[in-house]
Amino acid sequence: MTWATPKGSVWMNQYPKTVSWIGVSVAGLAMFLLFASWVLVSFPIGSTVSGYFYGVDSLQKLEFSGTSGNQSMVDSPIPNNVVMSDKEEASESSSEVPTSLNSPVDGSEGKDVKDLPDVPVVDENGASGKPVDPQVPSGSSSPSADENVETTHQTLSNDTNSHVSLSTTHNEDEDVAKPALGSSNVTAISVVPETNDSTPSSTDSKSGSNPASSDLPNDASSDSVDTGCDLYHGSWFYDPLGPQYTNNTCPVITQMQNCQGNGRPDKEYENWRWKPLQCDLPRFDARKFLELMRGKTIAFIGDSVARNHMEAMLCVLWQVEAPRNRGNKKMQRYYFKSTNTFVVRIWSSWLVKQTFEAFDYAPEGVAKLHLDAPDDRLMDVIPQFDVIVFSSGHWFAKQSVYILNNEIVGGQLWWPDKSKHMKINNIEAFGISVETILTALATHPNYTGIAIIRSFSPDHYEGGAWNTGGSCTGKVRPLAADERVENGFTNIMHQKQVMGFNRAIKKLTNKSKMKMMDITEAFEYRHDGHPGPYRSPDPNKQTKRGPDGRPPPQDCLHWCMPGPVDTWNEFVLEIIRREYEGTKNLSS
């Protein structure tokens, strides 16, 4: 049987109109989808959505926050497709087991992308592959106080505002020769003895009162930045604007530094910002940074604190552009397409050459540090970097053998023959290592970039060392000026680092620029900025002292993100701005 529609049927007459209506509807829907996609990618939430499409776990809660970025929330874990370093997290502490995550590597680089060579970085645990503890015992004994440190005396004016003010209290003798003056590519750093016993008025962090903020700008992106201003003496002030990112808007935070995601109940530590005595330190301007670094590469080289620092920078940059992951197991590498900028991290525990083969009477397996030779895995790739930020020091508390002039001269947690005289201890070895790596840069025939040595990052293990019951639990705001407790180990490590820096810059033969970013004194006041016991999202973790009074395992060395570590990038941006723009003021 054949079905037919009678001639002149209503259905036959309406059929062409139905087809036309369907076509118009489909075209309209397509136009709407195209327009909506354009809006999502082009406007304020575009960076977050772009990050989503670049691989953020679709189950992760995305927060499209306002300027404060400081809302309370239940924090999600790190997405499972973001690269962290190979195995370093396992070596950070015997009791810390962070998530080590991998993300796909985009290998389709455009023609305008610089080809950075791979660096043959060995396992961060060393040849043995065993987890070890990099934290420095706070109670480590210090050498005698007759160590010489180059100084320039400064008179610091009292800060009459209600800030947490600082005073320098290094007391060592100072007679090391000063570096040659008048060199525009050297920024010498000095340890300044405190001669004024008066204490500037400050907000007592124990008082419970709200810190004053009305007498300081909330946003320091003003034109009051002075090229010659001392950035490292000043005070902490409370900024109600809060951080520029949260742990929910940055997918590259190592879980152990994700303090809010790990259940830390307080958030005030995120809001304190640094104010130099004589000028303002602008908030980090991500777009300004990328523009200054157009076509350039910044590399963070060193230990796990270098990773902490690099991730903090990525978190702020991620708010304006989601980078492409161009890294691999040898090097973390993020590419910002808008300005052809790379942010790179390379692991180097001690910054000097290390071997694990038997040497003289030192057996195979123990790390041998050749203190007079730079890490040879770095030297070939260093000319590719325009800015380098070095981080080291804390691994000198780990077991190692010190070799100088092809002779064993000392060791840390290793010295089998007590009858033999140890010529160099771990503190002296640290100073020599700084001089070695910086001299290698200062004399490298092909390096013309900026080398920033970030000074020793203080820990805050109170009542013991990291492995003997030290604690930073319950610290919720910076120390006041009269509350800081001198840490002899931090002081002497800082002094040895300064000595190594000053010796290296006297050997400068190329056009590189050597800068000391002296954060040590300022960050001695930030005992509130560490993860403490909030190192994992485990809801059953111990966060209070046990029945025997012992504190739970905690991290008082690394820094929460967001948190005080974000100030480091404000310093880095200002150093770069001064170098690339000279006397120009940072635009608001």
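Author: Happy to. One thing to keep in mind is that this is a predicted model. Let's begin with Phe32, which lies in helix H1, residues 10-42.

Reader: Okay, is Phe32 buried or exposed?

Author: Phe32 is exposed, because its relative accessible area is 53%, and the cut-off for exposed is over 50%.

Reader: Which residues make a nonpolar surface patch with Phe32?

Author: Leu29 and Leu33 do. Together with Phe32 they make a nonpolar surface patch of about 320 Å².

Reader: Nice. Switching topic: what about helix H8, how many of its residues are buried?

Author: In H8, 16 of the 18 residues are buried, so the helix is largely enclosed by the rest of the structure.

Reader: What happens at the start of H8?

Author: There, a side-chain oxygen of Asn487 reaches to within 3.0 Å of the backbone nitrogen of Phe489.

Reader: How does H7 look, how many of its residues are buried?

Author: For H7 the count is 15 of 17 residues, so H7 is also largely enclosed by the rest of the structure.

Reader: Which residue has a side-chain oxygen reaching in at the start of H7?

Author: Asn425. Its side-chain oxygen comes to within 3.1 Å of the backbone nitrogen of Ile427.

Reader: Let's do charges. How many salt bridges does the structure hold?

Author: There are 22 salt bridges in the structure. One of them joins Glu570 and Arg273, whose closest N and O atoms are 3.4 Å apart. That pair links distant parts of the chain: Glu570 is in helix H10 (residues 566-581) and Arg273 is in strand S4 (residues 272-276), 297 residues apart.

Reader: Are those two buried or exposed?

Author: Glu570 counts as buried because its relative accessibility is 8%. Arg273 counts as buried too, at 6%.

Reader: Which residue forms a salt bridge with Asp280?

Author: Lys275 does, with the closest N and O atoms 3.6 Å apart. Both Asp280 and Lys275 are buried.

Reader: What does Lys515 pair with?

Author: The side chain of Lys515 meets that of Glu579 in a salt bridge, 3.7 Å from N to O. This pair also links distant parts of the chain, with Lys515 in strand S15 (residues 513-517) and Glu579 in helix H10, 64 residues apart. Lys515 counts as buried at 11% relative accessibility, whereas Glu579 counts as partly exposed at 26%.

Reader: On to rings, then. How many aromatic pairs are found?

Author: A search of the whole structure finds 18 aromatic pairs. In one of them, the ring centres of Tyr361 and Trp414 are 5.9 Å apart and the planes are at 20 degrees, so the pair is stacked.

Reader: Where are Tyr361 and Trp414 in the chain?

Author: Tyr361 is in the loop between strand S9 (352-355) and strand S10 (368-374), and Trp414 is in the loop between strand S13 (407-412) and helix H7 (426-442), 53 residues apart. Tyr361 is partly exposed at 28% relative accessible area, while Trp414 is buried at 11%.

Reader: Why is the pair of Phe523 and Trp559 edge-to-face?

Author: Because their planes are at 80 degrees, with the ring centres 5.3 Å apart, and planes over 60 degrees apart count as edge-to-face. Both Phe523 and Trp559 are buried.

Reader: Last one: which residues do ring pairs link into a cluster?

Author: Trp236, Trp274, Phe523, Trp559 and Trp568 are linked into a cluster by ring pairs.

Methods:
Residues numbered from 1 in each chain as written. Predicted model: local features only at pLDDT ≥ 70, side-chain atom pairs only at ≥ 80, totals over all residues. Heavy atoms only, no water. Patch = residues over 30% accessible without salt bridge, like charges linked within 9 Å, V, L, I, M, F, W, Y side chains within 5 Å. Areas by Shrake-Rupley, 256 points an atom, 1.4 Å probe, with all protein chains shown as cover. Salt bridge = Lys/Arg side-chain N within 4 Å of Asp/Glu carboxyl O. Helix = DSSP H or I, 4+ residues; strand = E, 2+ residues; numbered from the N terminus. Buried < 20%, exposed > 50% of the residue type's maximum accessible area, 1.4 Å probe, protein only. Polar contact = N/O pair within 3.5 Å; in protein donor to acceptor, adjacent residues only side chain to side chain. Phe/Tyr/Trp six-rings, centres within 6.5 Å; stacked < 30°, edge-to-face > 60°.
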